[in-house]
Structure formats: structure tokens, C-alpha cells
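Please open the structure in your viewer and keep the sequence panel beside it.

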Amino acid sequence: MSLVIENVNYVYMSGGPYETHALHDISLTIEDGEFVGLIGHTGSGKSTLVQHLNGLLKPTSGRILVDGLDLSDKATDKRAIRRKVGLVFQYPENQLFEETVEKDIAFGPKNLGLDAAEIDRRVREAMRRVAIDYDAIHDRSVFELSGGQMRRVAIAGVLAMEPQVLVLDEPCAGLDPRGREEILGLIRALHRESGATIVMVSHSMDDVASLAGRVIVMNHGRVAMDGTPREVFARGEELRAIGLDVPQAVELAERLRERGLDIPQGVYQMEELRAAIAAAVGKGKRHA
Ligand code: ADP
Ligand code: MG
């Protein structure tokens, strides 16, 4: 199921003194099964863009096509789109409200009018995917959980809708390193197992480098770069110029090159860097 963003502009508070042109002529196609990392500094338009993908925001001009259906077309079934494209907001746990974990995760499927057995299956499956033990946790209050668990319950609520496209807006924001690793691990597993298309907003270059097959960089409401992580992270100077970091491995590779070690261009993951260092050191020894 493809997502097509066609010449989209978005203006907040149009005509008023606080008018903000948040998106400028964005055109992108996201193919079925891709894992896209969407990066950019604060205010670059990431959240505004992803809220267009399930019709939550409507473009001021331009169009969004989901599976060939134009979201601005009156004939398009908006509920069907929301079912296909699941959006996990930033700090999604703030929107938990039911008495128990189970009821919260079941809220969406219930609204779809599914029968009790199907709702139960979906709740259990969603909890399995976010690694929360059903028997231990299902009847607990969400407010008794740790921050990381609340985040995972909130993600499970979206997964229970069984979307074909999962959009996550800064899913690791505010978590400690362990919580971050858990969330990244479950997103990776979900992509591998279900083949769902994933769009992950992040400002961590390392998270994006370790997961995404494609990186889209936003700057001031425009797409500044779009390519494989190798292509994008090779443009370290430009990334820094727009206020972004590069992954740790890229930075280390640059420093090692400055010191005369023969590290190939384009290295961006730690594993690769380790191998490149071993190769470079090996070569150095042979030459000596
Ligand atoms: P990001 O997610 O990359 O931080 P946003 O999409 O939130 O960026 O913001 C893009 C621009 O739109 C910023 O200038 C921001 O101040 C503005 N903006 C975001 N949300 C609103 C809103 N609800 N009302 C008015 N302006 C907004
Ligand atoms: Mg944002």
C-alpha cells in the first residue's frame, strides 16, 4: 500500500498574525514495506507532515493518496484510511484514559465493531508485539505502570487496529536508554515480522541509522534530503549546516580518516565501522 504526498503545502492559522507556513510543496512517495526515518530539527515540519498521512490534517494545497485513494475526496472513506494508517503521537501515553490496560488497547478495535473474540485476539496479539505480559498486566490501571510500559501500551492500542502503515512520531522521546532500546527493538521486530510500512519520526541519527532503509530530512518545512542512510549520512557537512548531528559511527569514521586511517566513505553503522577499522589496521600492518 503506497502513500503519495503530492505538492503539499500546509499553513497554520492562515491569514492571522501568527500564520505559519509549516510545509512547502512536499512531494514524496512511500512504498509498501519501506522503513522511513523522518528527521529534522524542532519546528521543521515533521509532526505536521505525518498528521497528513491519516487525514488528521488536510493540506492547504496539494493532495495525499493512500492506496490510490485521495484523502481530500469526499467519496473516500476516512475511517477506512484511519484503519490502514496507524498514527502513534508523540507522548502517546498522555492519551491513555481507560480504567485498565486491556480496555485501553481494546478501545480502537471495539469502535470498529468487531466481535468480542476478535477484539480479544487483537488485544493479546498487540500486547505480545510490545512485549507486555497479558496475564500480569491486562487488568492493571495504566497509571500503575512505568513510563516505558505506558508508552508500549499506547503503541499497542494503535497496533490493535492492525494498520498496514504505522507512523510513529518520536516514539522514544523522554525515555531512558533502556526504554529507548526496548521501543526500537519492538519497532524493528514489527517491521520484520509483519512487513508493515513504517514511518518513524526521530531526531536521533543513531536510531534512524540502526533501523531505517530510507532517510528523509526536513528543513524549514521542505524536504532537504531523501535517500538511503548511506547516501544521507555521507552528507555530514550539510546535515551539520542545518543543525543536525550525524550518527556516532559517521563521526568516528571522520576522525579516524583525519588521523590517516583508511576508512571507506559511507560507513554509518557501528558494526561496519568495526569491520572497516579492522581492515584498515590489517592493511597498515601489511604495509609496515
Ligand atoms: P516538528 O515536528 O518538526 O518539530 P512541527 O510540524 O511541529 O515541527 O512544526 C512545524 C511548524 O509549524 C513550526 O513552526 C511550528 O511552530 C508550527 N506549528 C506546529 N503546530 C502548530 C499549531 N498547532 N499551531 C500553529 N503552529 C504550529
Ligand atoms: Mg514534532
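Predicted model: local features only at pLDDT ≥ 70, side-chain atom pairs only at ≥ 80, totals over all residues.

**First stop: Leu65**

Select Leu65 and show its surroundings: leaving aside residues up to four places away in sequence, Leu65 touches Ser2, Leu3, Val4, Glu6 and Asp70, where contact means heavy atoms within 4.5 Å. Leu65 is part of strand β4, which covers residues 61-66; helices (H or I, at least four residues) and strands (E, at least two) are DSSP runs, numbered from the N terminus. With a relative accessibility of 13%, Leu65 counts as buried, and the terms used here are buried for under 20% relative accessible area, exposed for over 50% and partly exposed in between (1.4 Å probe, protein chains only).

Residues are numbered from 1 along each chain as its sequence is written, chains are lettered from A and ligands numbered from 1 in the order in which they are written, and side-chain values use heavy atoms, with hydrogens and water left out.

**The whole chain**

Zoom out until the whole chain is in view, with its 12 helices and 10 strands. Its radius of gyration is 21 Å, close to the 19 Å that the globule rule gives for 288 residues, so the chain is as compact as a globular protein of that length; the radius is taken over C-alpha atoms, and the rule is 2.2 Å times the number of residues to the power 0.38. Of the 288 residues in the chain, 49% are buried. Among the contacts with a separation of 6 or more, 61% are between residues 24 or more positions apart.

**Helix α6**

Next select residues 147-159, which form helix α6; at 1.5 Å a residue its 13 residues should span 18 Å, and the end C-alpha atoms are 19 Å apart, which agrees. The expected span is 1.5 Å times one less than the number of residues in the helix. Is this helix enclosed by the rest of the structure, or open? Because 11 of its 13 residues are buried, α6 is largely enclosed by the rest of the structure. The buried residues include Gly148, Met150, Arg151 and Leu159. To see what covers them, colour elements including β6 (85-88), α3 (101-111) and α7 (177-194).

From here, select Glu93, which lies in the loop between β6 and α3. Glu93 touches Met150, Arg151 and Ala154, not counting residues up to four places away in sequence, and with 12% relative accessibility Glu93 counts as buried.

**Two residues with positive phi**

Most residues other than glycine have a negative phi. Select Glu170, in the loop between β7 and α7: this residue is not a glycine, yet its phi is positive, at about 50 degrees. Glu170 is buried, with a relative accessible area of 11%.

Finish at His220, in the loop between β9 (214-219) and β10 (222-227), where phi is again positive, near 45 degrees, in a residue other than glycine. Is His220 buried or exposed? With a relative accessible area of 55%, His220 is exposed.
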